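Reader: Could you walk me through this model, beginning with the RNA and moving on to the helix packing?

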Amino acid sequence: MCYGLDPPRKPWDSGGMERYTPSLIEPKWQAYWAEHKTFRTPEDPALPKKYILDMFPYPSGAGLHVGHPEGYTATDILCRYYRAKGHAVLHPMGWDAFGLPAEQYAIQTGTHPAITTQKNIDTFRRQIQALGLSYDWDREVDTTDPAYVKWTQWIFLQLYKRGLAYQTEIPVNWCPALGTVLANEEVIDGKSERGSHPVVRLPLRQWMLKITAYADRLLDDLDLVSWPESTKTMQAEWIGRSEGALVKFPLASGEGHLEIFTTRPDTLYGVTFMVIAPEHPLLDRLVSEGQRAEVEAYVAKARNRSDLDRKAAKEKTGVATGGFVTHPLTGQPVPVWVADYVLMGYGTGAIMAVPGHDERDFEFARTFGIPVVQVVSAEGTVLPELTEAYTEQGVAVNSGPYNGLTTEAFKAQVTADLEAAGQGARRVEYRLRDWVFSRQRYWGEPFPIYFPVTCEGDPRKGEAHTIHYDQPIAMEESELPLRLPDLEDFNPGEDPAGTLARAADWRFFQKEGRWFARETNTMPQWAGSCWYYLRYLDPKNPEEAWSKAAAERWLPVDLYVGGAEHAVLHLLYARFWHKVLQDAGHVQVPEPFGRLVHQGMILGEVEYTAYRDAQGAFLSKERVMAHPDGGFRHRDTGEEVTAERVAEEATEKKGSAVVLKADPAIQLDARAYKMSKSRGNVINPDDVIREHGADALRLYEMFLGPLEATKPWSTSGIQGVSRFLERVYALAQKPRSAAAPEGDLLRLLHKTIRKVGEDIEALRLNTGISALMILLNELSKATPLPQEAVETLVRLLHPYAPHLAEELWEQLGHAPSLQAVPWPTYDEALCVDSQLTIAVQVGGKMRGTIQLAAGATQEEAQAEGLKLESVQRQMEGKTLRKTIWVQDKLLNLIVG
RNA sequence: GCGAACGUGGCGGAACUGGUAGACGCACUGGAUUUAGGUUCCAGCGGUUUCCACCGUGUGGGUUCGAGUCCCACCGUUCGCACCA
């Protein structure tokens, strides 16, 4: 054994297997697993099943980043563990391969997106395989594969046939830069989520999916799943169910009434004005002649105001329409205003304004000098004047016959009364809107829909024609898939009908002598990812999207791991489709994903930042503040300050601060940032594997901290786990004894088996590794070293570092694969130490410890504890009042 | 502004239902082996201090024999929502 040589960094300098050489071991075992299809999903229905799923990646041109292996390694560890525990594990991988980047690249270079996509998939597959992840590659799916698209289109037809897909002309989020419409969920602060391009509201014909029809089930069934509370809360808030009442306010002049939605019908007596949205259809009838010019000017301005402007505006704006409605309970006239703080898209686009008990109404009333009336009181007393809106519940005042009722009782009573009088009804509203499902791009699934065309000649030649969009025809299921046409130019252009509108030969076709036009919109990227977990069940099935038997066998997904950025969109859409498919009888369980875990982000290495003023002199960080517009300013003078990165060697620690070594008076900022190309702090998994091996990368990412936490990368940290693997390898090269382990070593083995197993099941992968390190440290000292102990270590290490474990298993004289070897078992009785260390406290303060046999009595402990010198010192001149005894843990002597 | 989560050594982090704070690893210090080492091995490693002892889990209170853990208030970081009536 020669420990004294260079670590095996170069493949060519390692002739034998004397030292741990990941560059030799890892390809060997990857080839073995591939050849023997070690991870093929077992068919045996008698085995308990585990469906363990990763969110499949979008295969970008940049390749894998270190964030991908984090979640993938975690699930891989569970899969290898459960296989060893005798479960049938389904663990597939695939590609979410439609999407904008490939298309943008095509626009720039003319390369067909299918080619780019294929190339990227090959890179991703190679990188993922280099990590030794145990996927069943026979089940790989690719959302852009026509054999997959076929079934995405088929599911769309199921939605269409159930009346859940419809067309509408609505103002949509049109993004000129991207040449497409975006879902509400894809617009953030008036800009596109992807690329931050401005988005304008434009009325266009769109396909919509009626997700609102499932709002209640999507909300209620959150109780059925084991997901992070934060994610459930986000979905619940996104759905935004609110219960209230619809109330009719008759128009003061003429027929009809203004309908409003309110969650606080108990404040009806506090209404001092009404507000309608600028787009409200009744606006025209309500406007008085005197106000018409002013109202029209306001509406025109509001229409042109982008969402961005609306947000920036802090002051409430609005104009009185001059029109009035009649209060349904008091019969008094109520003035109607128009203001853009009321949104046409929610409720009825009109509200009753109760300034006394709604902050927005209060602000509006104050701006325009409208009276404020108090109708709810905390204690039943009326205040002379409200200085702010009282939005809490309370007791009704100034409310005629309802005075004295609590908020809850009032709501129920008045809603019933209004309903009886035909003036209102109970009503539930949702924040959730129907899903805008069409995009005007090329690289997506075509809709299996076409329309009749009236045309004198050949519409393909651009001759005059009319497409009857109001008469959509669904393609026959037997005609699927509808493939994308080949194009030379992928530019979206200005035609809001989409890129495909330019593929005239594809778009127009004749059937029985009549012309038809295909839908030229394509589906959004979410479509493919809404159901990929179902295709994995039966990926090669040419007859069905998946077989009923496969769905019954494998659903729901037992563990789903992926980023928190999908907390709302992907997970809500997929749940929606799943429920539709359940209603259509294609799946049986109500929820697709039973347990969900979000892996945390891995940040770049910690960076140190120093600040300099305009003269170039260093400034300590407490004298610098961030400027809202970016950049930094001097806290006192306000002058601009520049930031610069400082190498770690130039810094040192001083107390809790980091300072410049050259000038310890200068404090630095020390923090880790999100990895990004522009910051130059991206860690490439390929480089890490080349230097340390895949097992070290896997182990390091798991050892970094809890899976869910955000944590910074550390280049020196990976050497710790690398060293651990080298030591495991070295241990297996030592002479071993055939004798069974005994005594403390035996106990440690059993404790470690229990701990590692429990930690894997609970996804506490960091502490599991720590237990393995402790075991290794003990085994390194053991003389003699029992073979069985080394084998146990290797078997426990296997899920974490599978290549090394397989290699050592073979070296220890066993036939591969270790995956076929059952998980070690432990004996509960051997997990308890024979001698326990008991804490001894006097008055709740630690004074020492005593060694006792497990199960010792309080009397024995007390006798032993009182012998401690430190205890005697504390008890001098005092009497023992009381003793607290926690079996096998602690003795606390209370003195007085 | 509203809501949620989180604040533990120089660093990443441990600590199950309140019960020996700092497991494990990194970094650092000392020693051994080595021609040498960014190798390996051994030892040390929260702070103050005369070895007694005291202080210590963001800050200030509280509950308890006992609080990192429970309660209240505040400060800070991160994430989500942001006129949804």
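Author: Happy to! This is a predicted model, in which local features need pLDDT of at least 70, side-chain atom pairs count only at pLDDT 80 or more, and totals for chains, interfaces and linings use all residues. Residues are numbered from 1 along each chain as its sequence is written, chains are lettered from A and ligands numbered from 1 in the order in which they are written, and side-chain values use heavy atoms, with hydrogens and water left out.

Reader: Which residues come nearest to RNA strand B?

Author: A residue is near a strand if one of its heavy atoms lies within 4 Å of it. There are 53 residues around RNA strand B, and those that come nearest are Thr263, Lys316, Tyr346, Arg360 and Asn892.

Reader: Which residue has a side chain with an N or O atom 2.8 Å from a base nitrogen of RNA strand B?

Author: A polar contact here is a pair of N or O atoms within 3.5 Å. Through backbone N or O atoms, Leu704 lies 2.6 Å from a sugar or linking oxygen of RNA strand B, and Thr837 lies 3.4 Å from a base oxygen. The side-chain pair at 2.8 Å from a base nitrogen belongs to Lys889.

Reader: Which element gives the most to the surface near RNA strand B?

Author: Helices (H or I, at least four residues) and strands (E, at least two) are DSSP runs, numbered from the N terminus. Elements giving two or more residues to this surface include β11 (257-262), α20 (717-733), α22 (765-781) and β37 (835-842). With six residues, the one that gives the most is α22.

Reader: Are α7 and α17 roughly parallel or roughly perpendicular?

Author: Axes are lines fitted to C-alpha atoms, for helices over the stretch in contact, and angles run from 0 to 180 degrees between N-to-C directions. Helix α7 (residues 229-239) and helix α17 (residues 569-583) pack with axes 10 Å apart, at about 70 degrees. Angles under 35 degrees count as roughly parallel, over 145 as roughly antiparallel, 65 to 115 as roughly perpendicular and the rest as oblique. The pair α7 and α17 is therefore roughly perpendicular.

Reader: How do α20 and α22 lie to each other, roughly parallel or oblique?

Author: Their contact (heavy atoms within 4.5 Å) brings residues including Val721 and Phe724 of α20 against residues including Leu772 and Met773 of α22. The axes of α20 and α22 come within 11 Å and cross at roughly 40 degrees. So α20 and α22 are oblique.

Methods:
Polar contact = N/O pair within 3.5 Å; in protein donor to acceptor, adjacent residues only side chain to side chain.
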